[in-house]
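Welcome! Please open the model in your viewer and get ready to select a few things along the way.

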Amino acid sequence: MKVFETINDTKRYLKQAKEQRKSIGFVPTMGALHQGHLSLVDYACKDNDLVAVSVFVNPIQFNNKQDLEKYPRDIVGDTKKLEKAGVDMIFMPPEQEMYPEHETTQYDFGQLDKVMEGRFRPGHFNGVAIVVRKLFEIIEPDRAYFGQKDFQQLAIIKELVRKEQMNVEIVPCPIVREDDGLAMSSRNARLTREQREVAPDIYKALLETRHYAGKKPINELKKEMTGKLNITSHMEVEYFEIVDANTLQPIHDWTESENIVACAAVFVGEVRLIDNMMLF
Ligand code: AMP
C-alpha cells in the first residue's frame with residue numbers, strides 16, 4: 001500500500017493506473033477509522049481495480065474550533081486498518097498541501113443546505129464541497145463512496161457532481177451500527193461511559209418514529225421524540241426532523257412525499273451526534 005502526502009506523488013501514481021485502464025474507487029474520510037468507513041472501503045474494493053482513500057481532517061468544514069481541535073486522530077491505526085482492508089493507496093495531505101491559499105469559493109445549493117446540518121453548522125457544506133471537489137480533481141475516481149450516515153452530505157455531493165458535471169459515480173452506502181444500534185462515528189470515541197450508555201436512545205427514537213410513520217401526525221411525533229430524548233440525561237436535541245428524502249425539506253403531512261427520512265442531531269454531553277432512518 002502506498003501512502004502519499006503530496007498531490008504530485010498521488011497524481012503520478014494514479015496516472016500509471018489510468019494508463020493501464022484500471023478503474024479507480026475512492027473513499028474520502030477524516031480518519032479515526034471504524035467499521036463504517038471500512039464498509040465503504042469494502043464496497044470500493046468489490047467494484048474497482050484500484051482503491052484510494054483520503055485521510056484529511058478538513059479544517060474549513062468545521063464551524064466550531066473546539067470540535068476541530070478535539071476531532072480524534074489516529075494515523076498509525078488508520079494506516080494499519082486500510083492496509084488490512086486491501087486499499088492500494090492513501091492520500092494523507094498536510095493542510096498546506098490542500099489549502100496553499102485562502103479559499104473563497106461559495107457554492108449555491110439552494111434550499112438543500114439551508115436546513116438541518118446546514119442551518120446549525122453555517123459554512124459546513126461549503127467546506128465539504130470545496131474539499132470533495134479538490135479531492136475529485138486530484139484522484140479523478142470512476143466511483144466515490146459516501147455513507148448514508150451523513151444523509152444531507154450525500155445529497156449535497158450528488159448536487160455538486162450534477163452542477164459541476166463531474167464524471168464520477170456517487171455510490172451511497174448503508175449506515176453501519178454498533179450492536180446496540182448506535183451509528184458508528186469517529187466522535188463516539190469522545191463519549192464518557194455514561195454518555196455511551198444513553199447514546200443508542202437516538203437510534204431507538206428513530207425506530208419508534210418509523211413505527212409510527214404514517215400513523216401519528218408528523219409534528220406530534222417530532223415533538224414526542226424530541227421530548228423523550230431531551231429528558232434523557234446528558235442529551236440535548238438540536239433538531240429532530242422528518243423530511244423529503246430528495247429535497248430535504250421538512251414535510252408536515254405523510255402524503256406530501258413518497259420518500260421520507262427522519263434525521264436527528266443530538267448533543268450527548270459535548271459530543272454532537274447525527275443519525276437518520278428512512279421511513280418510507
Ligand atoms: P468522516 O470520516 O466522518 O468524514 O466519514 C467518511 C465517510 O464515512 C463519509 O462518507 C461518512 O458518511 C461515512 N461514514 C461514517 N460513519 C459511517 C457509518 N456509521 N456507516 C456508514 N458510513 C459511515
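Start with helix H2, which gives the most to the shell around the ligand, with 3 residues. H2 spans 35-47, and strands S2 (24-29) and S5 (143-147) also each supply at least two residues of that shell. Helices (H or I, at least four residues) and strands (E, at least two) are DSSP runs, numbered from the N terminus.

A note before moving on: this is a predicted model, where local features need pLDDT of at least 70, side-chain atom pairs count only at pLDDT 80 or more, and totals for chains, interfaces and linings use all residues. Residues are numbered from 1 along each chain as its sequence is written, and side-chain values use heavy atoms, leaving out hydrogens and water.

Next, select the ligand and look at its oxygen atoms. A polar side-chain atom of His 37 lies 2.9 Å from a ligand oxygen. Polar backbone atoms take part too: one of Met 30 is 2.9 Å from an oxygen atom of the ligand, and one of Gly 147 is 2.9 Å from an oxygen atom of the ligand. Taken alone, the ligand exposes 480 Å², and the protein buries 92% of that (accessible areas come from the Shrake-Rupley method with a 1.4 Å probe; for residues, only the protein chains shown count as cover).

Finally, select the cysteines. How many disulfides does a search of the whole structure find? The search finds 0, a disulfide being a pair of cysteine sulfur atoms within 2.5 Å. For Cys 45, the nearest cysteine sulfur, that of Cys 173, is 12 Å away. The sulfur of Cys 263 is 17 Å from the closest cysteine sulfur, in Cys 173, so it is too far for a bond.

Key: A polar contact is a pair of N or O atoms within 3.5 Å; within protein, one must be able to donate a hydrogen and the other to accept it, and residues adjacent in sequence count only if both atoms are side-chain atoms.
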